[in-house]
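Me: I would like to learn how to read a protein structure step by step. Could you show me the model and then take my questions in turn?

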Amino acid sequence: MIESSQDKQKEIAFFDGHAAADSYDVFTPESNLRLIGTCIRLAKWQPGARVADLGCGSGVFTNLLHRQGFDAVGLDLSPKLVALGQANYPDVTFLEGDVEHLPFPDASLDGILLSGLLHHLPDPARCVAETFRVLKPGGSFAAFDPNRMNPFMYLYRDRSSLLYSSVGVTENERPLLARQISAVFKSTGFKVNTDYISDLNYRYLASSKLRWLLPAYNAIDRVVFAPDLMKPLRSFVLTYGEKP
């Protein structure tokens, strides 16, 4: 059973630890660019739009939005990750804050990127409600999260799997089912769509014992899930939509 609330202090301590190691950028630069480009396309953001990157971590995706012409601001619960982002990207604005209590006025943003965030929340409804509140009418969001239907994500990161590993994950973290997360956005009032993406090459894995498998995993992920019929099994689910 999934816990109904999140221990914020545990979350902060976990991600502050990543900031100390400067290791939270898990994808290669090429994969980061492809992922953000896909989110921009799906959400139909136009350059100049005010876009908040929620769960921004060390700010890699926020900076990519900034470089592509968006008025981007990053927000994260971890003060050390926020400080790291600000140090690495001084031209970008970063804020410390809670995605369940966003520090933005009503209807003040054109877009929101939920950066691998929702699968950390035991109940994403509050974050989704806040996303709805701060978006302008016609504003849009894009979210990416590990897909529970992907065999690798399930076997390695789902608690019901016999091969589950808790190394490098928070206590509430788990892959998501597309239909379930889509339903949360729909119930809040969004128009919602779903897509999937694979071939995001990892450069970092929390478990040092398994890092040697990364090249093989990246190759398998790129080839096996490329056909359209395999789309629902791709490694990440992309949820996106618009506030009416």
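This is a predicted model: local features need pLDDT of at least 70, side-chain atom pairs count only at pLDDT 80 or more; totals for chains, interfaces and linings use all residues.

Me: Where does Val 73 lie, and is Val 73 buried or exposed?

Reply: In a regular strand the side chains alternate between the two faces of the sheet. Val 73 has its place in strand E2, which covers residues 71–76, and Val 73 counts as buried because its relative accessible area is 1%, with the cut-off for buried set at under 20%. The C-alpha atom of Val 73 is separated by 5.7 Å from that of Phe 94, a residue 21 places away along the chain.

Me: What does the chain contain as a whole, and how many of its residues, as a percentage, count as buried?

Reply: The protein chain has eight helices and seven strands, and 54% of its 244 residues count as buried. Of the contacts in the chain with a separation of 6 or more, 71% are accounted for by residues 24 or more positions apart. The chain exposes about 11200 Å², of which carbon and sulfur atoms supply 57%.

Me: How should I read a helix, and which residues of helix H5 are buried?

Reply: An α-helix has 3.6 residues a turn, so residues three or four places apart point the same way. In helix H5, which runs over residues 125–134, the buried residues are Cys 127, Val 128, Glu 130, Thr 131 and Val 134. Seen down the axis of H5, these buried residues fall within an arc of 160 degrees, so they line one face of the helix.

Me: What covers the buried residues of H5?

Reply: The cover includes strands E1 (50–54), E4 (109–115) and E5 (135–146), together with helix H7 (178–188). Strand E5 is itself mostly covered, with nine of its twelve residues buried.

Me: In which sense do E4 and E5 pair?

Reply: E4 and E5 pair in the parallel sense, over six bridges; to follow one of these pairings, look for Leu 109, whose bridge partner in E5 is Leu 135.

Me: Where is Arg 234, and which residues does Arg 234 touch?

Reply: Arg 234 has its place in the loop between H8 and strand E7 (236–242), and with a relative accessible area of 12% Arg 234 is buried. Not counting residues up to four places away in sequence, Arg 234 touches Asn 147, Asn 150, Tyr 196, Ile 197, Ser 198, Phe 225, Ala 226, Pro 227 and Asp 228. Arg 234 and Met 149 are 85 residues apart in sequence, while their C-alpha atoms are 7.7 Å apart in space.

Me: Which residues form the nonpolar patch on the surface?

Reply: The patch is formed by Phe 152, Ile 220, Val 223 and Val 224, which together have about 310 Å² of accessible area. Helix H8 (residues 214–224) gives the most to this patch, with three residues.

Me: Why does Ile 220 count as partly exposed?

Reply: Ile 220, which is found in helix H8, counts as partly exposed because its relative accessibility is 37%, a value that falls between the limits of 20% for buried and 50% for exposed.

Technical notes:
Residues are numbered from 1 along each chain as its sequence is written. Side-chain values use heavy atoms; hydrogens and water are left out. Buried means under 20% relative accessible area, exposed over 50%, partly exposed in between (1.4 Å probe, protein chains only). Helices (H or I, at least four residues) and strands (E, at least two) are DSSP runs, numbered from the N terminus. The arc is that of the directions from the helix axis to the C-beta atoms. Contact means heavy atoms within 4.5 Å. Patches are made of residues with over 30% relative accessible area and no salt bridge: like charges are joined within 9 Å, nonpolar side chains (Val, Leu, Ile, Met, Phe, Trp, Tyr) within 5 Å. Accessible areas come from the Shrake-Rupley method with a 1.4 Å probe; for residues, only the protein chains shown count as cover. A salt bridge is a side-chain nitrogen of Lys or Arg within 4 Å of a carboxyl oxygen of Asp or Glu. Two strands pair if DSSP finds at least two bridges between them.
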